[in-house]
Protein chains: 4
Amino acid sequence: MKSIGFLGLGIMGKAMAVNLIKAGFNVTVWNRNPAKTDELVALGAAHGSTPKAVAEQCDLTFAMVSDPEAALAICQGKEGVAAGIGEGRGYIDMSTVDDTTSQAIARAITQAGGRFLEAPVSGTKKPAEDGTLIILAAGDESLYQDALPAFEVMGKMSPYLGEVGQGANMKLVVNMMMGGMLSIFSEGLSLGLKAGLTGDQILDVVGAGAMANPMFAGKGAMLLNENYTTSFPLKHMQKDMRLAVALGDKLDQPMPTAAIANEAFKQALKAGFGDEDIAAIYKTVK
Amino acid sequence: MKSIGFLGLGIMGKAMAVNLIKAGFNVTVWNRNPAKTDELVALGAAHGSTPKAVAEQCDLTFAMVSDPEAALAICQGKEGVAAGIGEGRGYIDMSTVDDTTSQAIARAITQAGGRFLEAPVSGTKKPAEDGTLIILAAGDESLYQDALPAFEVMGKMSPYLGEVGQGANMKLVVNMMMGGMLSIFSEGLSLGLKAGLTGDQILDVVGAGAMANPMFAGKGAMLLNENYTTSFPLKHMQKDMRLAVALGDKLDQPMPTAAIANEAFKQALKAGFGDEDIAAIYKTVK
Amino acid sequence: MKSIGFLGLGIMGKAMAVNLIKAGFNVTVWNRNPAKTDELVALGAAHGSTPKAVAEQCDLTFAMVSDPEAALAICQGKEGVAAGIGEGRGYIDMSTVDDTTSQAIARAITQAGGRFLEAPVSGTKKPAEDGTLIILAAGDESLYQDALPAFEVMGKMSPYLGEVGQGANMKLVVNMMMGGMLSIFSEGLSLGLKAGLTGDQILDVVGAGAMANPMFAGKGAMLLNENYTTSFPLKHMQKDMRLAVALGDKLDQPMPTAAIANEAFKQALKAGFGDEDIAAIYKTVK
Amino acid sequence: MKSIGFLGLGIMGKAMAVNLIKAGFNVTVWNRNPAKTDELVALGAAHGSTPKAVAEQCDLTFAMVSDPEAALAICQGKEGVAAGIGEGRGYIDMSTVDDTTSQAIARAITQAGGRFLEAPVSGTKKPAEDGTLIILAAGDESLYQDALPAFEVMGKMSPYLGEVGQGANMKLVVNMMMGGMLSIFSEGLSLGLKAGLTGDQILDVVGAGAMANPMFAGKGAMLLNENYTTSFPLKHMQKDMRLAVALGDKLDQPMPTAAIANEAFKQALKAGFGDEDIAAIYKTVK
């Protein structure tokens, strides 16, 4: 069994690392704020002093940090992953980063002799805890094979999608579908309510047919209760829809429905709902 | 147990009547082309000579015909349902008709002393055979209660939605959501394929997440195989989306995503795909 | 010179009739509220007691009333135009009516032996006074020739557009272009202002280029002054855009830009700006 | 009178430089391919050996090159403008470049002690020859004052729009309006033709009303003749619409009409019409 490093112990990263420890992996953890490592050390993890140190000691180092800047920072510099990774070891970045950042990290790691895989995830806190994330892996295929046992602990599926960039592309495809669905769902619900149907009737009928899906069930209940507790911030969805439309632009793929759903999310952003859940798009639609 | 009449033995109506007979109801059938009644008589049904005769003999008469003109024709005239229904008996029209036709039928029946329920269904041949239709009932509530045992044989759910017209409204709400979903799905699939992902990868990832739904699974497989065998004709979907947008117009409900998905279906119609399955929208999107 | 009847002396009709009298035509006027005829009688017009009486006495009878109901009412009934028109005389309805009403009036007149022309106008009070309306004539071509001298007094152009219905179609085409232009103009102005340009700079640059047009100049100045004094009510524009999109539906012509501009006008309607000028769309865009 | 340098003698630049020479300015010209300078030298211009040499000799140096790469190249490097400009002299880049390039050029010039103005133009070959361009100037205000006499020779208007970037922003605002107008115009024309009106009727009526503008007249005639001779390439318009939508994204300004018109231009691009005139959008709309 490969030794595993884990960098970044936020809400997501901590849950994922805990699952790896419980599954019996030999895990070394590091976090910018070292206090957060205590709980994992208590569960049996080792403590790494720097990203470089972790990458030097472990066969495979995973990272899950909050934004592109942090992802780049832990990789570069004197104490960064690239400085420690050396020949043949592997680095798997599971953070959600833009294409440019992902390419920069890939270059830094491969130039240092390491192997690189991007592996952004679909899913939030609960699936991270339950080990049911969807892991979108792309990059070095031999590293993918080595990482698979760990992926299987953290997620319910982890397809290999090709060269670096394809993980991010898949995430855009998935999220733009999600945004478009939420937009048409909000319009349909608004229409039905104005026509005199009740929200429960609509959700029941939709939930019984070919369109039935967990998102409509979950977000639908939230809308009817005017509950917009954030599990996926609306501003992040709008950013992904914008990037998806831009990718369509680059690939000569017209996408009128996505473009209009993007404008609907912009309307919600302009109305001040950016930090609420994606379900808050309903507030500007209704 | 109420005696039941059933008018219209097309693909849908026959399957529904068979289920009623098998469930032990006392059923009298009528069809414009009487040859089609033989099979049901063999299963134990009685044969009615005219819609009027059926409505006179049965406590509850159901109809399932192919279009508004047929629905109106079997109701009106010397040999029509209204001529036979009399005081207190019930007529349940399960055909899909427009609002004007539904109101005209409701008037004819109630003026003749009968009770009326519109009950359009969501679902095609297979759910009709399996008794898993979604039945959208609206109109006379006492009649709804009387019809419920029969509904429970024919469908998996049959909510009571209020006054005449609400069954049709629910169907528009459901179908516009379906159309919008199919439009964003087609765009997302096209984008992913152009970005170099494979169709199977995309369907797998979508099928594992919060958006997973039977329609994406079913239509997705069709798209990847360029199979557009009609189960729901594209031209009917476009008609429903147009009516939904028109309903939004009437109710002051802006619906940009639905309006644009409607234009996408019009594009497919213009390209000559009106008689193919709704999935053929993909051919003009990709 | 043909004798002329004129029915309907509202803001538009009065200005048009005054121009005909001043041009030397022999004019007989009628209005539902007869007090309004005094001013025209003072200018030299005769007073007609009913629409029927006017149609009996005059070679050509023009009408300009406020809505389809009024247009139908003055035509039908014992004292209506159809009762008086007789063989060979002509009726020209310049009111803006829907297609069904126009066809009903055409039938009533031609069945009574008269000739019929629909001639809705583009332009409001000022062009009516100045005799610079755009008159969209369609129907009986010999009547068009007879009416031309009067059209030339009332308008600056009056093309013959074909059979009854084409006048109304042209009006929809023109108004949907106008609505779309206003929508993109409002978005462009909003974008420029948010980017830090001034409204005057934007209007100046737009006004100097290939897009320069009287509407942008006029409405642009209104927007910058937050002045939405009604010259064309927003709710009427939204109605015309809806009808244009519906016509596109009927003719298999996808029109995504028009469909989305229609939704933008619906948004303004929903916000309560229906009775303000079409320029008020800017209030929901900005 | 200030001495003037002019860099870049393509279709646009040559016409502009000729106008400056004819107006009596003392002009030094440079072009990457020096053969193109002969004609201007024959008219009285001096020949500069490099961009650096021109910038050293002239009070004001103008540039008009074809793309951002060329604009950056003539500015940077050992023989570039920045190497020669020195204290107090001015550089006016009239090329159309993106924001990042414009900022990079501004930095290079000001760090070298020079003054900088961006001044992209609206208008193509004919206005360049006629001296009727619209010049969108932004940057150093004292330089703007110095350049004004030359602007007045090259253009019919040249407002000062503020800091570097505002010239480019104005161009996006203007072009997105133009694109939206062309999209709704194409839809309206298509609708009218399908309804049985003729193209001439539609252009006449539109040309007589409040929407009348040179673009509809010019492009309208092109559409009816199926003539798509390029004066403004469709792919450049789509790029500008994309950038305008992206600017709206940055400034939280929803722009559904612009977003949909952008998708319509993408559809035309996908159909292979990118190098034809912007009027070719009609081919995918009709």
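Buried area is the accessible area, found with a 1.4 Å probe, that two parts lose on being put together, summed over both. Keep that in mind for the tour. You are looking at a predicted model, where local features need pLDDT of at least 70, side-chain atom pairs count only at pLDDT 80 or more, and totals for chains, interfaces and linings use all residues. Residues are numbered from 1 along each chain as its sequence is written, chains are lettered from A in the order in which they are written, and side-chain values use heavy atoms, with hydrogens and water left out.

**Stop 1: chains C and D**

Select chains C and D together. They bury about 5000 Å² between them, with 76% of it on carbon and sulfur atoms. Now pick out D:Met177, D:Leu191 and D:Met211: in chain D, these lose the most area to chain C, together 15% of what that side buries.

How many residues of chain D are in contact with chain C? There are 58, and they meet 58 residues of chain C (contact means heavy atoms within 4.5 Å). Look for salt bridges (a side-chain nitrogen of Lys or Arg within 4 Å of a carboxyl oxygen of Asp or Glu) between these chains and you'll get zero.

Which helix gives the largest share of chain D's side? Colour H9(D), which supplies 20 residues. Helices and strands here are DSSP runs, numbered from the N terminus, of at least four residues (H or I) and at least two (E) respectively. By class, the side of chain D that touches chain C has 38 nonpolar, 14 polar and six charged residues. In this scheme, Ala, Val, Leu, Ile, Met, Phe, Trp, Tyr, Cys and Pro count as nonpolar, Asp, Glu, Lys and Arg as charged, and the others, Gly among them, as polar.

**Stop 2: B:Phe265**

Hop over to chain B and select B:Phe265, in helix H13 (residues 256–270). Is this residue buried or exposed? B:Phe265 counts as buried because its relative accessibility is 0%, and the cut-off for buried is under 20% (over 50% is exposed, in between is partly exposed; 1.4 Å probe, protein chains only). Show its surroundings too: B:Phe265 touches residues including B:Leu182, B:Met241 and B:Ile281.

**Stop 3: chain A, residues 165–284**

An unreviewed UniProt entry lists them as "domain: 3-hydroxyisobutyrate dehydrogenase-like NAD-binding". This stretch is 72% helix and 0% strand, and its end C-alpha atoms are 34 Å apart.

How values were computed
UniProt positions renumbered as here; feature names shortened; annotations may be inferred. Lists of a residue's contacts leave out its neighbours within four places in sequence.
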